[in-house]
Amino acid sequence: MKRHSAEIIQEYGPFPGVDAVHGVTYDGRQVWFATGERLDALDPASGRTVRSIDTPADAGSSFDGRHLYQVAGDRIRKIDPESGKVLATIAAPADCSGLAWAEGSLWAGQYRQRLIHQVDPGTGAVLRTIESSRFVTGVTWVDGDLWHGTWEGDSSELRRIDPRSGEVLDCIDMPAGTGVSGLESDGADRFYCGGGDSAKLRVVRRPASAPR
């Protein structure tokens, strides 16, 4: 396993009226983040919140190229980002935390159970399960690699794991006291990290030595 110190290249927030940042996703232009009662869209160039969708949003968020998916309690809602309309609802794994989209599936973190599930987006059925050695917060895929956030006490990391065995291949250590709730890649060299009750979003550079 390779260890890296996090290079935080930008911070957004805290945001007015936002108590905590939960799930995070990226639609190619805007960073969406879950704030409990809504999804907010951030323009990463200006740092301004440009729109909001009122929907329960207390955990992971993801984007499949057309639709947003948002965890709230025991449900995952499929949302039209243009209208904000809920198009479908499926069951979420218990204690669901992070959420990602890859290979035609949702990938849902199960926080205290230290698991990541591949989930059928149409039915909510769990297709397979990957074990982690740490609590699972955010989940993201980039360049065929699975990454997840961890947050235990004052310690947080971003981990690249083998999607077959769960073996940790790369680990990015966040500064002490810096929590990671949601996690999303921009598809290139940046991770967007939810900062939990700091009500911040942080941008962390993907290390050059990690696969690209």
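**First stop: D173**

Begin by selecting D173, which is found in strand 18 (residues 168–173). Strands are DSSP runs of E with at least two residues, numbered from the N terminus. The model is predicted, so local features need pLDDT of at least 70 and side-chain atom pairs count only at pLDDT 80 or more, while totals for chains, interfaces and linings use all residues. Residues are numbered from 1 along each chain as its sequence is written, and side-chain values use heavy atoms, with hydrogens and water left out.

D173 counts as partly exposed, at 25% relative accessibility; buried means under 20% relative accessible area, exposed over 50%, and partly exposed in between, with a 1.4 Å probe and protein chains only. Apart from residues up to four places away in sequence, D173 touches R3, H4, S5, A6, S156 and E157, where contact means heavy atoms within 4.5 Å.

**Second stop: T55**

Move to strand 6 (residues 48–57), where T55 has its place. T55 is buried, with a relative accessible area of 5%. Which residues is T55 in contact with, leaving aside its neighbours within four places in sequence? They are G36, E37, R38, L39, R77 and I79.

A nonpolar core is a set of buried Ala, Val, Leu, Ile, Met, Phe, Trp, Tyr and Cys residues joined through side-chain atoms within 4.5 Å. Select F15, V24, V31, F33, L42 and L201, the residues with the most contacts inside the largest such core, which has 13 residues. Strand 3, strand 4 (31–34) and strand 21 (201–205) each supply at least two residues of this core. Then display the surroundings of L42: not counting residues up to four places away in sequence, L42 touches residues including Y12, F15, V31, F33 and L201.

**Fourth stop: aromatic pairs**

Rings of Phe, Tyr and Trp (its six-membered ring) pair if their centres lie within 6.5 Å; planes under 30 degrees apart count as stacked, over 60 as edge-to-face and the rest as tilted. By this rule the count comes to 6 aromatic pairs. Select Y26 and Y192, a tilted pair at 5.6 Å centre to centre with 35° between the planes. This pair links distant parts of the chain, since Y26 lies in strand 3 and Y192 in strand 20 (residues 190–194), 166 residues apart. Y26 is buried at a relative accessible area of 18%, and Y192 is buried at 4%.

Next, select W147 and F191: the ring centres are 4.9 Å apart and the planes at 55°, so this pair is tilted. W147 lies in strand 16 (residues 145–152) and F191 in strand 20, so the pair ties together parts that are 44 residues apart in sequence. Both W147 and F191 are buried.

**Last stop: H22, D58, S97, T137 and S181**

Which residues lie nearest the centre of the largest pocket? Select H22, D58, S97, T137 and S181, from a lining of 19 residues. A pocket is an open set of points on a 1 Å grid over the protein atoms alone, where a 1.4 Å probe fits, with protein on both sides within 12 Å along at least five of seven lines; lining residues have an atom within 4 Å of a point. The largest share of this lining, 3 residues, comes from strand 11 (residues 96–102).

Key
Helix = DSSP H or I, 4+ residues; strand = E, 2+ residues; numbered from the N terminus.
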